[in-house]
Amino acid sequence: MTPAAFDLAAIGAGLSFAAALDELSAALDASASVVVSAPPGTGKTTLVPPLMASRSAGRVIVTQPRRVAARAAARRLAHLDGSPLGTRVGFTVRGERSAGPDTRVEFVTAGVLLRRMLDDPGLDGVDAVIIDEVHERALETDLLIGLLSEVRELRDDLVVIAMSATLDAARIATVIGTDDVPAPIVDHDVPAFPLSARWAPSPVPRIDERGVTWGFLDHVASTAASAAQELTRRDPQADVLVFAPGAREVSEIALRIRDASDAFDVRELHGQIPAAEQDAVIRGRTPDHPPRIIVTTSLAESSLTVPGVRLVVDSCLSRHPQRDAARGMTGLVTTAASRSSCVQRAGRATRQGPGAVIRCTDERSYAAAPARPVPEIAVTDLADAALLLACWGAPGAAGLRMIDPLPAENLADATAVLHGLGAIDDEGRVTAEGRALARIPTDPRLARALRDGSPAVGSRLAAEVVAVLGGDLRIVEADVSQALVALRGGRTPDARRWRADADRLERMVRRTPGVRADLDGVGLVIALAFPQRIARRVERSAEGATFLLASGTRAGVRGPLAGAEWLAVADVARASTRAAAGSGAIIRSAAALTEAQIEHAASHLMTDRVEAEFVGGRVQARRERRIGAILRSSAPVRASAQEGRDAVRRALRRDGLGMFTWSGSADALRRRLALLRRELGDPWPDVSDTGLVATLDAWLAPELDVLAGGAPAGRLDLSSALRRLLPWPEAVRLDELAPERLEVPSGSRVRIDYPEPDDDPTARPVVAVKLQECFGWAEIPRLVDGRVPVLFHLLSPAGRPLAVTDDLASFWSGPYGQVRAEMRGRYPRHPWPEDPWAAAPTKHTKNRVARD
C-alpha cells in the first residue's frame with residue numbers, strides 16, 4: 001500500500017520556501033544530489049523533507065548538528081502534518097528515540113546516522129538523506145558528506161541534499177556531485193525586512209585570563225533589559241533574543257535580567273535544558289503572555305527558529321573547541337564570534353518583520369573578527385572520527401570526497417590514541433576491539449573505560465562515570481566523585497538526563513552484579529580512559545596545587561582535590577587563572593587515585609630502569625621508576641658497562657667532542673686527517689665533530705668502556721683512538737701526503753699547522769719560519785700530491801711577522817727588496833742577500849738562525 005503523501009500546501013502555508021519547491025523538484029528530476037541555500041526561517045527544514053517523502057517510497061533521513069534541533073524539527077513537522085510524533089514523522093538522538101517502522105521522515109543527529117551506517121553501509125530502505133546546517137561545519141556533518149559520497153558510488157538512486165542558511169554553495173556542490181559534475185544549486189532568497197544596528201561596547205573587557213568577565217555579563221544583561229523595556233512600550237508582542245557564548249553565561253545573564261526586572265518572562269535556551277523547556281521556548285507565546293527575553297547560545301543562530309523576536313542583543317562571542325598540540329589536549333575556548341555568525345544572529349530579528357540588533361562591541365573589534373568560523377574538523381580531537389573512518393574502511397578518510405582534509409598533525413595524534421587502545425593495527429585497519437568500541441556512542445577512550453572498568457568497579461559505576469564525562473555537565477571544583485553524589489540524589493534535568501545516559505551505557509556492557517567499588521573506583525575508570533593524564537602533585541600552596549601529568553603537562557587545581565597525591569584527570573584546559581598556579585592549564589574534572597589503581601590502568605606507561613648520565617667527566621647512575629613523565633622514585637646505583645657506554649654516547653651527541661681534552665699529538669693527527677678527507681675524500685675518514693660522533697663505536701669503543709668504568713675523560717689517549725680510523729693500505733702514505741713537519745733549506749724541520757677540521761674549506765696548512773731559513777727556495781712546497789700549497793708566514797730573526805705568502809718567487813722578486821732595506825740595518829749580523837733564491841743558507845747562517 002502506497003503511503004499517503006504529505007500535504008505540502010498545508011505544511012508550507014506562510015513559509016517563503018514554498019515558492020522554491022517547483023525549482024527543487026526540477027533539480028531533483030535532473031540530479032540525485034542537490035544543494036539548497038536559503039536564509040534561516042524560510043521553511044526549508046520544514047518543507048524539503050516532506051517533499052522528498054512524497055517523491056519516494058522509502059524513508060527520508062534528515063540530519064541536524066544538535067539534538068535539540070532534531071527534536072524540535074520533528075515535533076514541528078509532525079504538528080503541521082497532523083500526525084502523532086513517532087508515526088509518520090519521528091526523531092532519533094542519543095538516548096532518545098520516537099520513531100517506528102512506518103516513519104517516513106526521521107530527524108537524527110549526524111552522529112546517530114554515522115554509527116547507523118557502520119552496521120548498514122548501504123542504508124537499506126532509505127531513499128534520501130538531507131544534511132541540514134552544513135554551513136556550521138560540524139565535524140560529524142563533514143564526515144557524513146564524505147561517507148555518503150562513497151555510498152552514492154554504489155547506490156545512484158540515493159538522493160543527497162545539502163542545506164544551509166549561508167553556504168559556499170559552489171564548493172559543496174562540487175563535493176556532493178558525481179562524475180566531476182557539480183550538483184545543481186537551488187538558491188532561495190527573499191527580500192529581507194529592514195534591520196537597524198546599534199553598537200553598545202562594554203566599558204570593561206569582554207574576556208580576561210579567566211574567561212568572560214562578570215562586568216561584561218552585567219553589561220549585556222543591563223543592555224538587554226533596558227532595550228527590552230523600550231521595545232515592548234512600542235510593540236507589546238515583541239520578544240528579545242540574547243546571544244551568549246555558553247550555557248554558564250546564559251544562566252548568569254538570565255539571572256541578572258530577572259533581578260533587574262520582573263516585567264519579562266526570562267527564558268534560557270541551550271542544549272542542557274530539558275526538551276520540554278526547549279519546546280516551550282520554540283512554540284512562542286500567546287498574546288496575553290508577558291514579553292519574553294530568551295537568552296541562548298549559538299543554538300538559536302540557525303538551527304532553531306524562535307518566533308516573535310524583534311530585537312537581538314549579541315555578545316559577539318562564541319565558544320568552540322580548540323586543540324593545544326603542545327599539551328595534547330582539546331578544550332573549549334571563548335573568542336570573538338565570526339562576522340558571518342553575527343549576521344546570522346541578527347537575522348533572527350527580521351524573520352517576521354523589521355527588527356534591530358544591538359552588538360555589545362565596537363565597530364573596530366567587529367571588523368577585526370574572522371569572516372567565518374573555523375571548521376570543527378581543523379581544531380578538534382579526531383580520535384572518534386578516526387575510529388569511525390577506520391571502521392568504514394577508509395583510514396584517515398583515504399579515498400573519500402571531503403570538504404576539507406583531516407589535518408595531518410591532529411590525525412596523527414588520533415591514530416596514536418587508537419593504536420594505544422588496540423582499536424587499529426599498524427596499518428591503520430580497525431581491529432575487533434576497535435569495532436566493539438565504535439558501537440558505544442561516546443569517545444573511544446571512554447568506551448574503553450566502560451568496557452575495561454566494568455569488571456573492576458562494576459558496570460553501574462563505570463557507566464555512571466562515563467555518563468558524567470561524556471555529558472555536558474559542569475563539575476564543581478573539578479571533583480567527579482562529588483558530582484556523582486549530587487547527581488545520584490538530584491532531581492534536576494541534568495540529573496535525570498545523566499541517569500538515562502548511565503542506564504543506556506550500562507546496557508551496552510555485561511553486567512557485573514557481584515562487583516561494587518562505589519566512589520573509590522571513580523579514579524580508576526577515568527585512568528582507564530586517559531592513562532596519559534594520570535597526575536602527581538608537585539607543588540602546593542594556599543591557592544591550590546600543581547600536578548604533573550604523565551604526558552608531561554602541568555596543570556593546577558583548587559578545592560579538595562588539591563590535597564590528593566595522585567589524580568586521574570579527565571579534562572584539562574588551557575588557562576591563565578589563579579587556579580592554574582602558573583602552569584598554563586587547569587584541571588576541570590578529576591578524581592583521586594591510588595597507586596594500586598595506577599598499576600591497573602597504566603602498566604604500559606610504567607618504566608623501571610637505570611638512567612645513567614655522564615656528568616663532570618664521570619658516569620653517574622640512578623634507578624628511576626616512572627609513569628610517563630612522572631618520577632615515582634629515584635635511588636643511586638652503579639651503572640652496568642652497557643649503561644655507562646650509552647651514557648657517554650648520549651653525552652657526546654649532546655655536548656660534542658669538546659668534553660674531551662685533546663693532546664697536541666691527537667689534535668695534530670686529527671687536523672692532518674681532516675685535510676686528506678677534504679682533498680681526497682674516501683677512504684680517508686670524516687673527522688669533523690659530526691663525523692666522529694656518528695662513528696663513535698668505530699674509533700672510540702675501548703675508551704668508552706674505560707669511561708663507563710669511571711675513569712675521567714681527561715686521561716684518554718685520543719691519538720691512538722683516531723689511528724683506528726686510518727684506512728689501509730692508504731695509511732702508509734700519511735706522512736708523505738700530510739707530514740707533521742716540513743724540512744726547509746736551512747735543514748730545520750718546522751711544524752706544519754693544519755686547519756681545524758670544521759674550518760673554512762679553503763683554509764691552508766701554515767708554516768711559520770724565519771725568512772733566512774728559506775733562502776734558496778724559489779717554489780712553495782705542496783702537500784697531498786701537489787694539491788695544496790703551503791702558506792708561509794715569514795718571520796724576522798727575532799720571530800716577528802714580516803710577510804705572508806704562498807708564492808716565494810714573487811716575494812723574492814718584489815716585496816723582499818723593501819723588507820731587506822728595512823731589516824739589514826736592524827739585523828746587520830744576519831745575511832740579506834740580493835739574490836735569496838740562489839743563496840742557500842750556509843752552516844754559519846744555519847747556526848746563527850738556530851741561536852737567534
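This is a predicted model: local features need pLDDT of at least 70, side-chain atom pairs count only at pLDDT 80 or more; totals for chains, interfaces and linings use all residues.

Author: Residues are numbered from 1 along each chain as its sequence is written, and side-chain values use heavy atoms, with hydrogens and water left out.

Asp132 sits in the loop that runs between β6 (126-131) and α6 (139-154), where helices (H or I, at least four residues) and strands (E, at least two) are DSSP runs numbered from the N terminus. Asp132 is buried and yet has no salt bridge; buried means under 20% relative accessible area, exposed over 50%, and partly exposed in between (1.4 Å probe, protein chains only). A salt bridge would need a side-chain nitrogen of Lys or Arg within 4 Å of a carboxyl oxygen of Asp or Glu, whereas the nearest side chain of opposite charge to Asp132, that of Lys44, is 5.1 Å away; Lys and Arg count as positive and Asp and Glu as negative, with His and the chain ends not counted.

The side chain of Asp132 does make polar contacts, one with the side chain of Thr45 at 2.6 Å and another with the side chain of Gln64 at 2.9 Å. Such a contact is a pair of N or O atoms within 3.5 Å; within protein, one must be able to donate a hydrogen and the other to accept it, and residues adjacent in sequence count only if both atoms are side-chain atoms. Not counting residues up to four places away in sequence, Asp132 touches Lys44, Thr45, Thr63, Gln64, Pro65 and Met163, contact meaning heavy atoms within 4.5 Å.

Elsewhere, Leu528 belongs to helix α21 (residues 522-529) and is buried, with a relative accessible area of 2%. Beyond four places in sequence, Leu528 touches Arg448, Ala449, Asp452, Gly453, His600 and Ala601. The C-alpha atoms of Leu528 and Gly471 are separated by 18 Å, although these residues are 57 residues apart along the chain.

Arg88, finally, is found in the loop between α4 (67-81) and β3 (89-93), and its side chain makes a polar contact of 2.8 Å with the side chain of Asp81. Leaving aside neighbours within four places in sequence, the residues in contact with Arg88 include Ala4, Phe6, Asp102 and Arg104.
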